[in-house]
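Here is a short tour for anyone who likes to read a fold from its coordinates. Please keep the viewer open while you go through it.

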Amino acid sequence: MTESLTRFELPQSAIPTRWYNIQADLPRPLPVVLHPGTKSPVTPDDLGVLFPQEIINQEVSRERFIEIPEEVREIYKLWRPTPLMRARRLEKAIGTTAKIYYKYEGVSPSGSHKLNTAIPQAFYNKQAGVVGVTTETGAGQWGTALSQACNFFGLECYVFMVKVSFVQKPYRRAIIQSFGANVTASPSDKTEAGRAILAQDPDSTGSLGIAISEAVEMAAKSGGKYKYALGSVLNHVLMHQSIIGQEAMLQLDRAGDSPDIVVGCVGGGSNFAGIAVPYLRDKIVHGRNVRVVAVEPAACPTLTRGVYAYDYGDTAGMAPMVKMHTLGAKFIPPPVHAGGLRYHGVGSVISELYDQKLIEAYSVPQLEVFKSAVTFLRAEGIVPAPEAGHAVAQVIREAIRAKEEGTSPVILFNLCGHGHFDMTAYDAYFRGELTDYAYPQAAIEAALAELPEVKI
């Protein structure tokens with residue numbers, strides 16, 4: 001029967017009741033987080049300026065599983081469980097001997113996986129009694145999700161959107177505003193951090209690091225009225241996304257398969273962590289032989305060309321310092337269309353997994369991303385967001401290799417969102433206006449030269 005199925009569903013009773021925290025199973029613990037000013041380990045009071053207490057507890061927790069509040073699970077029912085799809089038409093189109101599955105997170109109200117963490121973050125902030133939250137967004141998927149979540153819980157929402165995406169993706173900006181959020185192009189003149197960047201470069205296209213600085217500054221100077229919410233990178237965010245992989249495990253079991261290769265795109269790490277960490281637990285704890293593959297833009301090659309070092313999470317150096325794979329907080333990536341992956345660093349969990357050789361990492365140039373995305377959409381009928389297009393490109397690489405080697409691996413990847421608001425990028429691709437961009441090594445070295453000195 002399963003040989004003819006394309007879509008594998010779960011009942012709502014199968015929505016996970018707990019998030020999985022991979023910190024409990026890492027072979028060695030994560031490096032400590034440092035205060036950006038003193039460079040000493042951060043305290044709960046330091047973090048309390050930005051986050052509600054329950055979020056802080058989850059960020060530092062080493063408990064293996066953390067219960068999902070019933071109020072959060074009730075809202076999850078709007079779209080979860082998400083479907084697992086067998087990409088039979090893609091398999092036929094590229095003539096592969098591999099089996100390809102994808103977990104489709106584009107069915108969420110926000111159109112991406114980001115709502116999985118936006119809902120609990122808004123819930124915990126509402127419990128803490130704050131008026132609203134501040135945040136950044138790259139491509140706009142996170143800003144969309146958080147604006148929706150704040151609307152559900154009656155919170156104000158202030159979004160600093162990377163300027164290049166603010167211009168490239170006007171309809172993502174419009175949907176954020178539709179949910180009542182205030183959206184500002186970053187860098188802006190509303191914060192000291194933004195004004196400083198504009199003074200140096202009035203035409204700055206912005207970056208996630210700059211937008212984070214502005215959002216952090218606004219929250220930190222609000223006297224507790226606002227807290228800060230982050231859509232990727234931090235441990236609690238990646239943990240919230242683990243429901244993706246937990247569901248996929250149940251669905252693949254129903255399909256009678258188990259993945260040999262798990263693929264996810266990487267910016268800060270939330271998409272990748274969501275699909276990967278439950279399988280990494282099997283790899284670490286049970287010795288399961290599964291390749292776990294992270295894919296990033298060649299224009300922002302954090303894992304493949306960055307260094308593993310302590311760095312600021314934002315451009316202005318206001319956010320906590322984390323040991324992570326980084327290109328340097330002053331790194332300004334080129335304005336490629338995968339705005340959600342244009343971050344100078346990657347989450348400490350992902351960095352540690354890579355450093356321990358538990359995951360692989362590859363970079364993909366922009367033209368290959370769009371070529372692969374078009375192959376996928378013409379076969380499967382879904383338009384991938386450019387971010388998820390990186391995973392599609394790597395999956396096609398793996399599937400072609402399988403055909404050449406005469407193997408039949410099972411490949412699973414996370415299709416984290418739809419590309420309906422990214423058609424200007426596809427239009428530019430079809431008109432031949434997109435180019436590849438490999439960041440010059442000299443420019444990377446210049447940014448890395450400004451890494452902070454840390455003695456720990």
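The report below moves from the whole chain to a sheet, a helix and a single serine.

**The whole protein**

This is a predicted model. The protein holds 19 helices and 15 strands. Its C-alpha trace spans about 60 × 50 × 45 Å along the principal axes. For 456 residues, a compact globule would have a radius of gyration near 23 Å, and the 20 Å found here agrees with that. Of these 456 residues, 62% count as buried.

**An open sheet**

Seen in order, the 7 strands of an open sheet run E1-E4-E5-E15-E10-E11-E14, and their pairing is mixed. The edges are strand E1 and strand E14, each of which pairs on one side only. Helix H16, residues 366–380, packs on this sheet, and its direction makes about 95 degrees with that of E14. The strands that H16 touches are E4, E5, E14 and E15; here are their residue ranges.

| Strand touched by H16 | Residues |
|---|---|
| E4 | 84–86 |
| E5 | 99–104 |
| E14 | 360–364 |
| E15 | 410–415 |

On its paired side, E14 runs parallel to strand E11 (residues 291–297), and 5 bridges join the two. Within this pairing, Val 295 stands opposite Tyr 362 of E14.

**Ser 188**

Is Ser 188 buried or exposed? With a relative accessible area of 5%, Ser 188 falls under the 20% limit and is therefore buried. Ser 188 is found in the loop between strand E8 (182–186) and helix H9 (192–200). Its side chain makes a polar contact of 2.6 Å with the side chain of Glu 214. Leaving aside neighbours within four places in sequence, Ser 188 is also in contact with Phe 160, Gly 194, Arg 195 and Leu 198, among others.

How values were computed: Residues are numbered from 1 along each chain as its sequence is written. This is a predicted model: local features need pLDDT of at least 70, side-chain atom pairs count only at pLDDT 80 or more; totals for chains, interfaces and linings use all residues. Side-chain values use heavy atoms; hydrogens and water are left out. Helices (H or I, at least four residues) and strands (E, at least two) are DSSP runs, numbered from the N terminus. Buried means under 20% relative accessible area, exposed over 50%, partly exposed in between (1.4 Å probe, protein chains only). A polar contact is a pair of N or O atoms within 3.5 Å; within protein, one must be able to donate a hydrogen and the other to accept it, and residues adjacent in sequence count only if both atoms are side-chain atoms. Contact means heavy atoms within 4.5 Å. Two strands pair if DSSP finds at least two bridges between them. Axes are lines fitted to C-alpha atoms, for helices over the stretch in contact, and angles run from 0 to 180 degrees between N-to-C directions. The radius of gyration is taken over C-alpha atoms; the globule rule is 2.2 Å times the number of residues to the power 0.38.
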